[in-house]
Amino acid sequence: MYETSYHRAASVADAASLIAKADDGKLLAGGQTLIPTMKQRLAAPSDLVDIGQIAELHGITESGGTLRIGAATRHADVAGSDLVRRLIPGLASLAGGIGDPHVRHMGTIGGSVANNDPAADYPSAVLALDATVHTDKRDIAAADFFMGMFETALEDGEIITAISFKIPEKSAYAKYPNPASRYAMAGVFVARHKDGSVRVAVTGASQGGVFRAEAMEAALAAKWSADAVAGIALEADDMLSDIHGSAEYRANLVTVMAKRAVAAA
């Protein structure tokens, strides 16, 4: 690991100020991606600004048909929240299946969404639940947030403060995890909203990162049943292909996981 300067921010405003002053500063929340990357010397930020202890970035609240989760809230807290379990059980289940206990008790929802790893779980929930990503500068709709693999609409120095999820009538998440990392080789989040609309978001499978499966959405809007998506096959052209599974394998996994998610919902 290269030498770096560590700062613990007392507030969001303090964090923004520290990042603005740094030559090449990085925000540190749970550190589950950044710290290993630094240990491998693949990243060498001049400064680390720790936002994990900022009180205003923690907590889970309900208001006006939405569930708001602070950006520094740990995965384990989302998974164990009675409020999340009652209102969006699919989100609680998703959080409970991330990594291992160490990762769940250190990693944060804001860090996961900001990193936008193509195999991360949370981006699928953000898209399927038509969430809003709140930052210290603005509010960003889910449809406008994810820009591709590891890319988001966040500007330099912009800090995610919370994420607001629309509370659906039904929701569920199913993924096929890599046996070693627990990252999704294919994960599907399904949600039927109170206005009758359906959203199906897929993570872990595509070269472009998280995406919505519109053919499945249309089928489920007409008939909410696992059978409705059973015959829908996604094109393999844009799917990831590696030692863990071919593009064709991942395309098939999406259909299988979609069926399981609908059945669970």
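Modeller: We can begin with the annotation, then turn to the salt bridges and finally to one strand and its neighbours. Please keep in mind throughout that this is a predicted model.

Biologist: Okay, what does UniProt place at residues 1-170?

Modeller: An unreviewed UniProt entry places the feature "domain: FAD-binding PCMH-type" there. Over residues 1-170 the chain is 35% helix and 24% strand, with the end C-alpha atoms lying 45 Å apart.

Biologist: And how many salt bridges does the structure hold?

Modeller: The structure holds 8 salt bridges, and one of them joins Lys-175 to Asp-121, with 3.2 Å between the closest N and O atoms. Lys-175 lies in strand E11 (residues 170-177), while Asp-121 lies in the loop between helix H7 (109-115) and helix H8 (122-128), so this pair ties together parts that are 54 residues apart in sequence.

Biologist: Are those two buried or exposed?

Modeller: Lys-175 is buried, and Asp-121 is buried as well.

Biologist: Which residue does Glu-158 form a salt bridge with?

Modeller: Glu-158 pairs with Arg-138, and the closest N and O atoms are 2.8 Å apart. This pair links distant parts of the chain, 20 residues apart, since Glu-158 sits in the loop between strand E9 (151-152) and strand E10 (160-166) and Arg-138 sits in the loop between strand E6 (132-135) and strand E7 (139-141).

Biologist: Why does Glu-158 count as buried?

Modeller: Glu-158 counts as buried because its relative accessibility is 5%, and the cut-off for buried is under 20%. Arg-138, at 31% relative accessibility, counts as partly exposed.

Biologist: What about Glu-169, where does its side chain meet a partner?

Modeller: The side chains of Glu-169 and Arg-192 meet in a salt bridge, at 3.3 Å from N to O. Here Glu-169 is in the loop between E10 and E11 and Arg-192 is in strand E12 (residues 184-192), so that distant parts of the chain, 23 residues apart, are linked. Glu-169 is partly exposed, with a relative accessible area of 47%, and Arg-192 is also partly exposed, with 25%.

Biologist: Switching topic, how many residues of E10 are buried?

Modeller: E10 is mostly covered, with 6 of its 7 residues buried.

Biologist: And which way does E10 run relative to strand E5?

Modeller: Strand E5 (residues 66-70) and E10 run antiparallel and are joined by 5 bridges, with Arg-68 standing opposite Ser-164 in E10. E6 and E10 also run antiparallel, joined by 4 bridges, and Thr-135 stands opposite Ile-160 in E10.

Methods:
Residues numbered from 1 in each chain as written. Predicted model: local features only at pLDDT ≥ 70, side-chain atom pairs only at ≥ 80, totals over all residues. Heavy atoms only, no water. UniProt positions renumbered as here; feature names shortened; annotations may be inferred. Helix = DSSP H or I, 4+ residues; strand = E, 2+ residues; numbered from the N terminus. Salt bridge = Lys/Arg side-chain N within 4 Å of Asp/Glu carboxyl O. Buried < 20%, exposed > 50% of the residue type's maximum accessible area, 1.4 Å probe, protein only. Pairing = 2+ DSSP bridges.
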